Structure formats: structure tokens, C-alpha cells
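Student: Hi! Could you go through this structure with me? I'd like to start with one of the helices.

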Amino acid sequence: MMIYQSIEINKNRLILVKETLFSGQSFMWNESDHEGGIYSSVIDGSPVLIKQDNPYSLSVSVKKNELFGIPVRRFFEHYFSLDIATNSLFDDEFAARYPDLAFRLLKLQGLRVLRQDPYETLVTFMCAQGIGMSIIRRQVNMLCRYFGNEVRVADGGRDTPLYSFPAPSVLADADPALLRRCCNNNSMRAGNIGEASRLLALGRLDLQALSDPSLPLSEIRTELTALKGIGFKIADCIALFGLGRFDAFPIDTHVEQFLSSWFSIGAHQKGLSQKRYLHLQEKAVELLGESLSGYAGHHLFHCWRTTEKNMKAF
DNA sequence: AACCAGGTCTCAG
DNA sequence: CTGAGACATGGT
């Protein structure tokens, strides 16, 4: 018997975005014109169905009363970061300086950055080096398929198998050849993910401790970049998407492009050295404000990809 | 057919 | 500290 919970959200238009669905494990809200989107995932070992009933509300189906010991409704309010006012990510000064952009961003007020599982986020972004979203998604899907646990869920009429994201101890002991296949045949990446998983399984690295909101971002970055395969960008992504640090501002190839194109930040050089990365980040935070720069940056990221690069929705 | 994808590491200068 | 090359493969 499925327990059916309903969540209503502000008066924003909201739709599930599939573009950022790396795995079926993680996703984001987005504005869109169609309704009725349905999304399935495995959270805390349980199959979860999330459905858009109308532009203003979602419904969540899950067999449990609680996820991670938190009542389901409250969990999803946290998961979808409903505590964040997405209509004030960009202030009046920003709107005055960039009126056209501010207008375009209005449509994205439904875009929500999720508070996702730290380990899942870490592995997912370790899979995201210099390749397209489709390959990233495939890697994470394969990791779940081969190393996660299967759960079944009634999706409308049919019975679809879902797979949980594997625990650190599982990837820590994974068969190297199979792990490499799941990592786009990149043995270096597979090795790095295995090594990071081993450190976590052994307790040498504690992502829970890194979730402490009082930690300075620089300290989080220092801890994460100590791992092979994690540089500034991925460390900041883990902080933003996996540690709930909406003040973390990752700079990838798209962000670098819009910083230059829209805001004339860092226009004259190319290549992202560590020094330049920190410089661009400082300028971006100056522009977007300290506390939610990463959240705002994600709105800009999405706006750039959809309205300037004309990339597909998923 | 090139070139770009949610980069990072290594190694030379 | 900076720059070039390797890593790998699907999309446009």
C-alpha cells in the first residue's frame, strides 16, 4: 500500500527537469510548458515516485512514513530546498544592470537545487570530467545497475525495476574491470572512485562531518581536493549539490562562458588555472551575493544552456 | 569531419 | 605558475 503525500509549492511554475537527471538518482525542478511529468528514484532504499500534478504542485508516492528518520513530507521540503526563496535570487541592482537577463530568469524561478546525498553526488561528479551529460548519466546508471540494489515499483500499469545508488563499501570492493566499464572505460576515473569509496568505507573521510554548515568553504574544498580526481570544480559541485552549500559556486565550461559573455568577467584569457578559477569565483560572488551565489549560479547555468546554447532539455 | 562536452593529472619549462 | 597532452566517447 503506497502512502500518498502531496506537496504544494508557492505559486511558481514547476516541472521536473530531466536534463540534470544524471542517474535517476538526482534531479532538479524546472520551468516547462508540459505537465504530467513523472519521475522515479530510490531514496533511503525505498522506491519513490514523484509526479507533477499541475504547474503548482507535486505528489510524492513512497511506501514509508519516513525517509532517513524524517517524516516524508518534511524530507521532501528539505530535499527540494523549499526554504529557499527562488524569486529573490537576483536583487534589484542586478535587474537594473541586466534587464534582459533578469527577464529571462523569471521563467526559471521554479528551478530548484536539491539537497542530495553527499556520496552519490561525489561519485556522480567524479564521473563528469570533460564529457557530455549523456555519458555522465550512463555511467551513473550503470553504477546503479551493476552495484546497487534492485527495488520494484508499480509505475502506472507496469512494474519497472529501479536500482539504488551503491554504498561506498560496495564500490570500494568492486571488480576493477566492471567498475571501469561503468566509468566510460576510463581506468583512471574508476581507480579514483574506488579509492575515494575505500577512504569513506574505512572512515578516513567523513562526508557527514563536511556537512557541518559552519565549516568555511575553503576547508571543505581542501578536504575534497585531497582526493585524486577531485579539483576545485568538482569539489564545489559536491558542496553545492551534496552538502547543501548554496554559497558554493562551481565554475565549469558553461559558467566560464556566461561569466565572460554576460558579465565581462575573465574575458581575455582562456584555460582555468587554479588561480584564475579563484579569481573568477570571487568576481561572481561579488556579483551574486555571498549566501546564495551557487544557487543563483545554477539558474544562470540553466539559462545559458537553454537560451544561448539551445541545448536540449534532456 | 572537427570540435565540444558540468575536468583533472602529469610533466616539462 | 602556466601550458600542452592524455584520458575516453557521444552529440552536434
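Student: Which residues of H13 are buried?
Tutor: In this predicted model, the buried residues of H13 are Arg276, Tyr277, Leu280, Gln281, Ala284, Leu287 and Leu288. They cover an arc of only 135 degrees around the axis, so they sit on the same side of H13.

Student: And what does the face turned away from the buried side carry?
Tutor: That face of H13 carries the exposed residues Gln274, Lys275, Glu282 and Glu286.

Student: What covers the buried residues of H13?
Tutor: The cover includes helix H2 (92–97), H10, H11, helix H12 (253–263) and helix H14 (293–308).

Student: How far apart are the end C-alpha atoms of H13?
Tutor: They are 21 Å apart. With 15 residues at 1.5 Å a residue, H13 should span 21 Å, so the two values agree.

Student: What follows H13?
Tutor: Glycine 289 does, and its phi is positive, near 90 degrees.

Student: Okay, on to H10. Which of its residues are buried?
Tutor: In H10, which runs over residues 217–225, they are Ile220, Arg221 and Leu224. Their arc around the axis is only 100 degrees, which puts them on the same side of H10.

Student: Which helices do those pack against?
Tutor: The buried residues of H10 pack against helix H4 (118–126), helix H9 (207–210), helix H11 (232–242) and helix H13 (274–288).

Student: Back to phi for a moment. What is the phi of aspartate 44?
Tutor: Aspartate 44 has a positive phi of about 55 degrees, although it is not a glycine. You'll find aspartate 44 in the loop between strand E4 (38–43) and strand E5 (46–54). With a relative accessible area of 31%, aspartate 44 is partly exposed.

Student: And where is phenylalanine 68?
Tutor: Phenylalanine 68 lies in the loop between strand E7 (66–67) and strand E8 (70–71). Its phi is near 50 degrees, a positive value in a residue other than glycine. Phenylalanine 68 is partly exposed, at 48% relative accessible area.

Student: New topic: is leucine 200 buried or exposed?
Tutor: Leucine 200 has a relative accessibility of 14%, and buried means under 20%, so it counts as buried. Its place is in helix H8 (residues 187–201).

Student: What does leucine 200 touch?
Tutor: Leaving out residues up to four places away in sequence, leucine 200 touches Tyr119, Pro168, Leu205 and Leu207.

Student: How many residues apart in sequence are leucine 200 and tyrosine 119?
Tutor: They are 81 residues apart in sequence, and their C-alpha atoms are 8.8 Å apart in space.

Technical notes:
Residues are numbered from 1 along each chain as its sequence is written. Chains are lettered from A and ligands numbered from 1 in the order in which they are written. This is a predicted model: local features need pLDDT of at least 70, side-chain atom pairs count only at pLDDT 80 or more; totals for chains, interfaces and linings use all residues. Side-chain values use heavy atoms; hydrogens and water are left out. Buried means under 20% relative accessible area, exposed over 50%, partly exposed in between (1.4 Å probe, protein chains only). Helices (H or I, at least four residues) and strands (E, at least two) are DSSP runs, numbered from the N terminus. The arc is that of the directions from the helix axis to the C-beta atoms. Contact means heavy atoms within 4.5 Å. The expected span of a helix is 1.5 Å times one less than its number of residues.
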